[in-house]
Amino acid sequence: MRGGPGDAERRQRWGRLFEELDSNKDGRVDVHELRQGLARLSGGDPGRGAQQDLSPESGADPDGGLDLEEFTQYLQEREQRLLLLFHSLDQNQDGHIDVSEIQQSFRALGISISLEQAEKILHSMDRDGTMTIDWQEWRDHFLLHSLENVEDVLYFWKHSTVLDIGECLTVPDEFSEQEKLTGMWWKQLVAGAVAGAVSRTGTAPLDRLKVFMQVHASKTNRLNILGGLRNMIQEGGMRSLWRGNGINVLKIAPESAIKFMAYEQIKWAIRGQQETLHVQERFVAGSLAGATAQTIIYPMEVLKTRLTLRRTGQYKGLLDCAWQIMEREGPRAFYRGYLPNVLGIIPYAGIDLAVYETLKNRWLQQYSHDSADPGILVLLACGTISSTCGQIASYPLALVRTRMQAQASIEGAPQFSMLGLLRHILSQEGIPGLYRGIAPNFMKVIPAVSISYVVYENMKQALGVTSR
C-alpha cells in the first residue's frame with residue numbers, strides 16, 4: 001500500500017497544514033478556521049464535526065483553538081482512526097478501495113447504490129485517476145472530518161432529514177456513535193420534536209378535517225372539504241379547528257424517545273456479532289420500534305381522536321376526557337383500533353422507504369453528473385412523494401383505526417371489529433369509502449414538510465447541532 005511516511009515527514013506535512021489553516025497567523029487553529037479549511041481543502045460540509053471533534057484528548061479548549069503541538073496530537077489521533085476505517089472498507093486488503101467495495105459497504109448498511117453512484121463517490125476522492133482510493137487519498141479527504149466508524153463514513157455520503165407530517169409511522173432516524181457520545185442525538189430529537197410541534201399546529205385544521213371526514217363522511221351525506229370546514233366552524237367557531245392539537249403535540253416527545261430507545265435495543269439484539277445490519281434487518285428493527293412506541297402511547301392516540309371530534313362543552317379537558325372514557329367504556333377503550341394501527345406500520349414504512357430510495361437513485365443516475373449528493377431540495381421532494389405513497393397504501397387501515405376509536409362516542413353507532421368494519425364500509429360505500437378524508441390529508445403534506453424542515457434547521461442552529 002502506498003503512503004507509509006516516516007514520523008518526520010508526517011510532522012512536516014502537519015506543520016504545513018497548520019500554517020495553511022491558521023489564516024489569522026495567531027499561532028492557533030480555532031473552530032472558525034477549521035470550518036473554513038473543511039470547505040476549502042476537502043469540499044465537505046464546513047460545519048460537520050468541527051466543534052465537537054476539534055479538541056484532542058489532552059483537553060484543549062476548542063473555543064481558544066489548538067496550538068501546533070495540540071494540532072499535531074489531534075491529527076495523529078485522527079490518522080490512527082482513519083487507518084482502521086480504511087482497512088475495514090478495504091475488504092480484500094489490497095491497499096485500495098474500489099467501486100465494488102464501496103457498493104458492498106453501502107449494501108451492508110441497507111443502502112442500495114448503483115455502479116454509477118459508486119463511481120461518483122470514488123471520483124470525489126480519486127486524485128491520481130486510477131479509479132481506486134489508496135491510503136493517502138483516503139487520509140487527505142477525511143482527515144479533518146469527524147469520523148469514528150464505518151457507519152459514520154457512509155453517513156457522510158448519505159443525508160438524513162426529519163420530516164413530520166403528523167403520521168409517525170416511519171423508521172426512526174439513526175445516529176452515529178460520535179453523535180451518541182457527544183449528546184448530539186438528543187439535540188436532534190429535541191429539534192425534531194419542536195419542528196413537529198410547529199408543523200402539526202400549523203396544519204391542525206386540515207388534520208381535524210381529515211379525522212372529521214373519516215368518521216362522518218358517507219355516500220349519503222356527501223360531506224366534502226368545504227362542507228366539513230363549514231360544519232366545524234358553525235359548531236365551535238374558528239378555535240374549534242385546533243381541537244385535539246394539544247395532545248397531538250404532547251405525544252411527539254414520548255413517542256420519539258420510546259421509538260429511538262427501542263430501535264437501538266432491537267438493532268443491538270438483531271446485530272449480535274455483526275458490525276452492521278442489512279436492509280431487511282433495519283426494516284424489521286424499525287417496524288418493531290414503531291410498534292413498541294405505538295403500543296405504549298396508543299391511549300394518547302385514542303384521546304386525540306376523541307378530543308378532535310368532541311362537541312363544544314363535551315369535555316372539560318384532557319383529564320376529563322380520559323376519566324369519562326374510563327368510567328363509561330372501561331380501560332379496553334384506550335386500545336380500540338390498535339390492531340389496524342400496528343398493521344399500518346408495515347406498508348407505510350416499507351413503501352415510504354422503497355419509494356424514497358428509488359426516486360433518489362433515479363434522480364442521481366439521470367441528472368447528477370458530478371456529485372453523489374442529490375441536494376436538500378431533491379431529498380425533500382423524494383421524502384414528500386414517498387410519504388404520500390406510503391399513506392395511500394396504509395390509509396384504509398388508518399381510517400378503520402380512527403372509526404374504531406370514535407365509534408363508541410357516537411350515539412347509535414354499531415360497535416364493529418376491524419374486519420366487521422372493513423366489510424361494512426365496503427358493502428355500504430365500496431372502495432372509495434376506505435379513502436374518506438384523504439384529500440385534506442394530502443393537502444397538509446407539502447406545508448407540513450416545509451414547516452417541519454424550516455423549523456428543524458433553525459432549531460439545529462439554535463442548539464448548536466452539527467449537520468451530518
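Guide: Please bear in mind throughout that this is a predicted model.

Visitor: Is D90 buried or exposed?

Guide: D90 is placed in the loop between α3 and α4. Its relative accessible area is 1%. Buried means under 20% relative accessible area, so D90 counts as buried.

Visitor: Which residue has its backbone nitrogen 2.8 Å from a polar atom of the side chain of D90?

Guide: Leaving out residues up to four places away in sequence, D90 touches G95, H96, I97 and E101. The 2.8 Å separation from a polar side-chain atom of D90 involves the backbone nitrogen of G95.

Visitor: How far apart in space are D90 and D134, C-alpha to C-alpha?

Guide: D90 belongs to the loop between α3 and α4. In sequence, D90 and D134 are 44 residues apart. In space, their C-alpha to C-alpha distance is 9.4 Å.

Visitor: Which residues of the largest nonpolar core touch the most other members?

Guide: In soluble globular proteins, nonpolar side chains tend to be buried together. The largest nonpolar core here has 15 residues. Those that touch the most other members are I97, I102, I133 and W138.

Visitor: How many residues are in the second, separate core?

Guide: Its members include I297, L307, A322 and I325. This second core is separate and has 13 residues.

Visitor: Where does I97 lie, and what is its relative accessibility?

Guide: I97 lies in the loop between α3 and α4. Beyond four places in sequence, I97 touches F86, L89, D90, I102, L122, T132, I133 and W138. I97 counts as buried because its relative accessibility is 2%.

Visitor: What is the C-alpha to C-alpha distance between I97 and W135?

Guide: I97 and W135 are separated by 38 residues in sequence. Their C-alpha to C-alpha distance in space is 8.7 Å.

Visitor: Is M131 buried, partly exposed or exposed?

Guide: M131 is found in the loop between α5 (115-123) and α6 (135-142), and it has a positive phi of about 60° although it is not a glycine. Its relative accessible area is 35%. Buried means under 20% and exposed over 50%, so M131 is partly exposed.

Visitor: At what angle do helices α9 and α21 pack?

Guide: Two packed helices are described by the angle between their axes and the distance between the axes. For α9 (residues 184-202) and α21 (residues 445-463), the axes are 8 Å apart. The crossing of α9 past α21 is right-handed, and the packing angle is about 140°.

Visitor: How many nonpolar residues are in the contact of α9 with α21?

Guide: On the α9 side the contact includes V190, A191, V194 and V198, and on the α21 side it includes I451, V455, M459 and L463. By class, the contact has four polar and two charged residues. The nonpolar residues number eleven.

Visitor: Which residues does V211 touch, not counting residues up to four places away in sequence?

Guide: V211 is part of helix α10 (residues 204-216) and is buried, at 3% relative accessibility. V211 and L309 are 98 residues apart in sequence and 7.6 Å apart in space, C-alpha to C-alpha. The residues touched by V211 are K304, T305, T308, L309 and T402.

Visitor: Which residues is T312 in contact with, leaving aside its neighbours within four places in sequence?

Guide: T312 is in the loop between α14 (279-309) and α15 (318-329). T312 and E235 are 77 residues apart in sequence, with 7.2 Å between their C-alpha atoms. The contacts of T312 are E235, G236 and R243.

Visitor: Which residues does S394 touch, not counting residues up to four places away in sequence?

Guide: S394 is found in helix α18 (residues 376-406). S394 is buried, with a relative accessible area of 6%. The residues it touches are G344, P347 and Y348.

Note on methods: Residues are numbered from 1 along each chain as its sequence is written. This is a predicted model: local features need pLDDT of at least 70, side-chain atom pairs count only at pLDDT 80 or more; totals for chains, interfaces and linings use all residues. Side-chain values use heavy atoms; hydrogens and water are left out. Helices (H or I, at least four residues) and strands (E, at least two) are DSSP runs, numbered from the N terminus. Buried means under 20% relative accessible area, exposed over 50%, partly exposed in between (1.4 Å probe, protein chains only). Contact means heavy atoms within 4.5 Å. Axes are lines fitted to C-alpha atoms, for helices over the stretch in contact, and angles run from 0 to 180 degrees between N-to-C directions. A crossing is left-handed if the near helix is turned anticlockwise from the far one by less than a right angle, and right-handed if clockwise. Ala, Val, Leu, Ile, Met, Phe, Trp, Tyr, Cys and Pro count as nonpolar, Asp, Glu, Lys and Arg as charged, and the others, Gly among them, as polar. A polar contact is a pair of N or O atoms within 3.5 Å; within protein, one must be able to donate a hydrogen and the other to accept it, and residues adjacent in sequence count only if both atoms are side-chain atoms. A nonpolar core is a set of buried Ala, Val, Leu, Ile, Met, Phe, Trp, Tyr and Cys residues joined through side-chain atoms within 4.5 Å.
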